[in-house]
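Please open the structure in your viewer and keep the selection tool at hand.

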Amino acid sequence: MDLRLSEEQEAARETARELAEKKLLARAAKLDADEAFPEEAVRELADLGLLGMMTPESHGGAALDTVGYALSLMEIARADAAVAVTLSVNNLVAETITQWGTDAQRDKYLPLLNTPEGLGAFALTEPGAGSDVKALRCRAARDGDSYVLDGEKTWITSATHAGVFLVMAVTGEKETSAFLVDKGTAGMTVGKPEPKMGQRGSHTCALHFSGCRVPAANLLGKPGEGLKIALSALDAGRIGIASLSVGLIRACLEEMTRYAKERSAFGKPIAEHQAVQWMIADTAVEHEAAEALTLTTAWRRDVGQPFTEKAAMAKLLASEAANRSAYRAVQVFGGYGYSREYRVERLYRDARVLTLYEGTSEIQRLVIARNVLA
Ligand code: CAA
């Protein structure tokens, strides 16, 4: 089995690492404190060709594979998880349009999604429909050459800065369809960013649709294919969140290791105490395991193997491990870890949502169990 990376994968990881270490890391604490959207980072990602990382070259993208994408996202998340989730949701929308869009939709939206002005937002969740996607209430009624959308969406990542919204809406009894809604479309209102525990630079808002008229040409896929589109998009998205989690575990490991060597207690650096060594060892093992499962899942996708179950496993393992790692990082820092002055406090808060968005840990277990029991 050959696990060496290709030149393209190495180069993508190196580009992302350089940006993360030279620019993103230094800004992350302030963006978090200010709950400020990382506009500068998004511009830099666009300039480096990382916004359209997996978009075909024909549409101005870098045509990177999933392994290269996962490696890049790990580097970005190591510095700032809020930037990483912005990037991953943009990629999710771009990939979904690449896969399901018409030529006209690809020509219009894919180049836009490579730019800071055209970020993608994925609008599935509603106040009464999170894990249970069949409970959607937002409706789209056909009216001549248009569909008219009415309803609510919630927890929509990047909504304040998005240029295009991929919106799932009910189009008939037991029928859901997917629509591309341009920013500024009359009848769509974007709410204020939610005050969140972590990943505060990523803006997450409600959407309100009231008589929002969308051309029928903006239907993505066929009528009734909305859930299939959304859930297959989330399969790939879960590799992104697993990658993000791996980056965050790495950041915890680095912080713990550095601090354990610097801080002394009972007459020696705490790194020489077995209790601390075990926390570092457990984090190193979980990093290795989560990274390996995430990258093999990405590889499976790249070679065309089924990967739904493995993506759920990678997301479950990596996001739960990220939370355990952040807990240990705070533990190693002791009281200082509880202070906003230290990075591990932010890592702890940033980790929490990883087991919630793009499917809770319980939903991942449900997907895995269904596959195992099938
Ligand atoms: N790929 C393609 N199609 C799929 C699929 C997949 N992985 N999984 C299910 N489907 C299809 C099914 O074939 C079915 O289609 P038909 O009706 O045509 O047969 C349809 O989707 C519904 O599937 P199920 O009957 O299996 O639905 P279910 O209600 O029993 O359960 C579920 C499905 C796995 C629980 C699913 O609802 C799920 O994954 N829920 C979690 C949703 C989620 O992850 N939300 C995250 C919000 S988005 C977000 O967080 C993004 C962000 O901004 C960060």
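**A tour of the ligand site**

Begin by selecting the ligand together with E358: a polar backbone atom of E358 lies 2.8 Å from an oxygen atom of the ligand. Please keep in mind throughout that this is a predicted model.

Next, select K134. An N or O atom in the side chain of K134 is 2.9 Å from an oxygen atom of the ligand. Then move to S131, where a backbone N or O atom lies 2.9 Å from a nitrogen atom of the ligand.

Now display the surface of the ligand. How much of the ligand does the protein bury? On its own, the ligand exposes 1100 Å², and the protein buries 70% of that area. If your viewer can show pockets, turn to the largest pocket, which is the space taken by the ligand.

Which elements give two or more residues to the shell around the ligand? Select helix 6 (226-262) and helix 10 (361-373), which are those elements. Helix 6 provides the largest share of the shell, six residues.

The following step is to select the whole shell. The ligand is surrounded by 21 residues, and the closest are T157, D235, R238, E358 and R370. Colouring the shell by residue type gives eight nonpolar, seven polar and six charged residues.

Finally, colour domain 2 (120-223) and domain 3 (228-373) separately. Where does the ligand lie relative to domain 2 and domain 3? The ligand lies between them, because both domains give residues to the shell around it.

Notes. Residues are numbered from 1 along each chain as its sequence is written. This is a predicted model: local features need pLDDT of at least 70, side-chain atom pairs count only at pLDDT 80 or more; totals for chains, interfaces and linings use all residues. Side-chain values use heavy atoms; hydrogens and water are left out. A residue is near a molecule or strand if one of its heavy atoms lies within 4 Å of it. A polar contact is a pair of N or O atoms within 3.5 Å; within protein, one must be able to donate a hydrogen and the other to accept it, and residues adjacent in sequence count only if both atoms are side-chain atoms. Accessible areas come from the Shrake-Rupley method with a 1.4 Å probe; for residues, only the protein chains shown count as cover. On a 1 Å grid over the protein atoms alone, a cavity is a set of points where a 1.4 Å probe fits but cannot get out, and a pocket is an open set with protein on both sides within 12 Å along at least five of seven lines; lining residues have an atom within 4 Å of a point. A molecule sits in a cavity or pocket if more than half of its atoms lie within 2 Å of its grid points. Helices (H or I, at least four residues) and strands (E, at least two) are DSSP runs, numbered from the N terminus. Ala, Val, Leu, Ile, Met, Phe, Trp, Tyr, Cys and Pro count as nonpolar, Asp, Glu, Lys and Arg as charged, and the others, Gly among them, as polar. Domain bounds come from an automatic or database domain assignment.
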